[in-house]
Amino acid sequence: MSGKLLEFLNLLEAKKIYYKLNKVRDAIMVEIAVPGERLEVEFFADGNVEIEKFISSGEIYDESELKTLFERFSD
């Protein structure tokens, strides 16, 4: 895992792409935010790499969208 992960982080830094590290499940997650997209790249101890992409439609909402957030996702 460490070789792939370090190589990937070095490439992100060389390209000046912002990232954050997190530990999830049994993996190290690299969270990347670029315009219109967010990626979660998980590096597992067995060498497996999983990538999930979240792509924006580009639609911009006003403050009223916060009410929708709490109505849909609060317990």
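Is Glu-37 buried, partly exposed or exposed, and what is its relative accessible area? Glu-37 is partly exposed, at a relative accessible area of 24%, where buried denotes under 20%, exposed over 50% and partly exposed the range in between (1.4 Å probe, protein chains only). The model is predicted, so that local features require pLDDT of at least 70 and side-chain atom pairs pLDDT 80 or more, while totals for chains, interfaces and linings use all residues. Residues are numbered from 1 along each chain as its sequence is written, and side-chain values rest on heavy atoms, with hydrogens and water left out.

The structure holds 5 salt bridges, a salt bridge being a side-chain nitrogen of Lys or Arg within 4 Å of a carboxyl oxygen of Asp or Glu. One of them joins the side chains of Glu-37 and Lys-53, with an N to O distance of 3.6 Å. Glu-37 belongs to strand 3 and Lys-53 to strand 4, so this pair ties together parts that are 16 residues apart in sequence. Strands (E, at least two residues) and helices (H or I, at least four) are DSSP runs numbered from the N terminus. Lys-53 is partly exposed, at 48% relative accessibility.

A further salt bridge is formed by Glu-50 and Arg-25, whose closest N and O atoms are 3.1 Å apart. Because Glu-50 lies in strand 4 (residues 49–55) and Arg-25 in the loop between strand 1 (19–24) and strand 2, the pair ties together parts that are 25 residues apart in sequence. Glu-50 is partly exposed at 34% relative accessibility, whereas Arg-25 is exposed at 53%. Arg-25 and Glu-50 are also linked with Glu-42 in a network of salt bridges.

Glu-71 is exposed, with a relative accessible area of 56%, and Lys-67 is exposed at 57%.

Helix 2 (residues 65–73) also contains Leu-69, which is partly exposed at 40% relative accessibility. Leu-69 contributes, with Leu-66, Phe-70 and Phe-73, to a nonpolar surface patch of about 440 Å². Patches consist of residues with over 30% relative accessible area and no salt bridge, with nonpolar side chains (Val, Leu, Ile, Met, Phe, Trp, Tyr) joined within 5 Å and like charges within 9 Å. Accessible areas follow the Shrake-Rupley method with a 1.4 Å probe, and for residues only the protein chains shown count as cover.

Glu-40 is located in strand 3 (residues 37–44) and is buried, at a relative accessible area of 14%. Its side chain makes a polar contact of 2.9 Å with that of Arg-38; such a contact is a pair of N or O atoms within 3.5 Å, where within protein one must be able to donate a hydrogen and the other to accept it, and residues adjacent in sequence count only if both atoms are side-chain atoms. Leaving aside residues up to four places away in sequence, Glu-40 touches Met-29, Val-30, Glu-50, Ile-51, Glu-52 and Phe-54, contact being defined as heavy atoms within 4.5 Å.

Ile-51 lies in strand 4 and is exposed, with a relative accessible area of 55%. The C-alpha atoms of Ile-51 and Val-41 are separated by 4.5 Å, although the residues are 10 apart along the chain.
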